[in-house]
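Welcome, and thank you for stopping by. Let us take a walk through this structure together, one part at a time.

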Amino acid sequence: MKKYQGVFIKNEREIANLREANRITANILDDIGDAVRPGIATMELENIARRKCEEYHVRPAFLGYAGFPFAICCSVNEVVVHGFPSETLILKEGDIVSVDFGVEYGGMVGDSARTFPVGQISEEADSLLAVTEASLYVGINEAQQGHDVHSIGIAVQTFVEQRGFGVVRRFVGHGVGANMHEKPEVPNFDPGTRGVILQHGMCIAIEPMVTEGTYDVSILPDKWTTVTRDGKLAAHFEHSIAVTPHGPMILSESDRGLVRYKAQYPQNRIQI
């Protein structure tokens, strides 16, 4: 494994293992999404993740990472990221729930996130989900060999803010590989500096976190759960990708393919 400006460059074998780790991650996220419905406890989503990891003979990457006590980050409504699943937190009609998840396979870590609607959601929530996921693909489109990694964040921020939403500054995307978090950082906003120039073989996770209102967040006393400071909704989508001479390759595609969020309200469907 080589390095360029402090960033690991993956070879074909390593990218193949990253692809498999992310494929399994995406397949399990498909199964979790199938279970999302009004009346289910969020701990059941955790249980699904753990059962599926056993079936695939992989280890959940988040479990125990820096002391995190669960296999999934399960974030409902105003929770931006790092929420805890719970037996007493029951999803209800109109909620939105973000699930961030990863597995370890072949010495590599998969990492992906999606936000799911719970039953029929409001037009405002629907727009938030549609804009957030669309902004992920806007960012992916910028992950081209020879581009400054910060061009991803500039594109995401511009797209999101033009549509009246906020982009969280407290958390950023990151390199992925043998470790869950590697260099470089991948902001979802314009940091006002130059970043690493993307090269063939770099693998990164792009993960916009978008809010209905202010981008300011607070971390709760459990030191993990992060909420919007104004109590408004937040959404989170993430793909792991590899930079190639032919453009970005999405690694976290499931066996079903790239199943993008479909807005329930046609007037809110987002064109990139």
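At what angle do helix H1 and helix H2 pack, and how far apart are their axes? Before answering, please keep in mind that this is a predicted model. Helix H1, which covers residues 12-35, packs against helix H2, residues 42-56, at an angle of about 145°. Their axes lie 10 Å apart. The crossing of H1 and H2 is right-handed.

Which residues make this meeting? On the H1 side they are Ile 24, Asn 27, Ile 28, Asp 31, Ile 32 and Ala 35. On the H2 side, their counterparts are Leu 45, Ile 48, Ala 49, Lys 52, Cys 53 and Tyr 56. Sorted by class, the contact of H1 with H2 has nine nonpolar residues, one polar residue and two charged ones. The numbering in both lists has a simple background: an α-helix has 3.6 residues a turn, so residues three or four places apart point the same way.

If you continue past H2, you come to His 57, in the loop between H2 and strand S3 (59-60). The phi of His 57 is near 60°, a positive value in a residue other than glycine. Is His 57 buried or exposed? With a relative accessible area of 74%, His 57 is exposed, because the cut-off for that word is over 50%.

Now let us turn to the strands, and to S4 in particular. Strand S4 (residues 72-76) is mostly covered, as five of its five residues are buried. Ile 72, Cys 74 and Val 76 point one way from S4, while Cys 73 and Ser 75 point the other way.

Next comes a sheet made of three strands. It is open, with antiparallel pairing, and its order is S5-S16-S15. Strand S5 (79-81) and strand S15 (217-219) are the edge strands, each pairing on one side only. From one strand to the next, the twist averages 40°. Two bridges join S5 to strand S16 (residues 226-228), and Val 81 stands opposite Thr 226 in S16. In the loop between S5 and S6 you will find His 82, which has a positive phi of about 65° although it is not a glycine.

Three bridges join strand S14 (residues 209-211) to S17, and Thr 211 stands opposite Ala 234 in S17.

Of its 19 residues, 16 are buried, so H3 is largely enclosed by the rest of the structure.

Two more stops remain. Val 7 is found in strand S2 (residues 7-9) and, at 2% relative accessibility, counts as buried. Leaving aside residues up to four places away in sequence, Val 7 touches Lys 2, Lys 183, Pro 184, Val 196 and Met 202. Val 7 and Val 196 are 189 residues apart along the chain, yet their C-alpha atoms are separated by 8.4 Å. Two other residues from that list, Lys 183 and Pro 184, are joined by a cis peptide bond with omega of about 5°. Pro 184 belongs to strand S12 (residues 182-186).

Our last stop is Gly 106, in the loop between strand S7 (103-105) and strand S8 (108-109). Gly 106 is partly exposed, with a relative accessible area of 47%. Gly 106 and Ile 90 are 16 residues apart along the chain, and their C-alpha atoms are separated by 35 Å.

Conventions
Residues numbered from 1 in each chain as written. Predicted model: local features only at pLDDT ≥ 70, side-chain atom pairs only at ≥ 80, totals over all residues. Heavy atoms only, no water. Buried < 20%, exposed > 50% of the residue type's maximum accessible area, 1.4 Å probe, protein only. Helix = DSSP H or I, 4+ residues; strand = E, 2+ residues; numbered from the N terminus. Axes fitted to C-alpha atoms, helices over the stretch in contact; angles between N-to-C directions. Left-handed = near helix turned anticlockwise from the far one by under 90°. Contact = heavy atoms within 4.5 Å. Nonpolar A, V, L, I, M, F, W, Y, C, P; charged D, E, K, R; others polar. Pairing = 2+ DSSP bridges.
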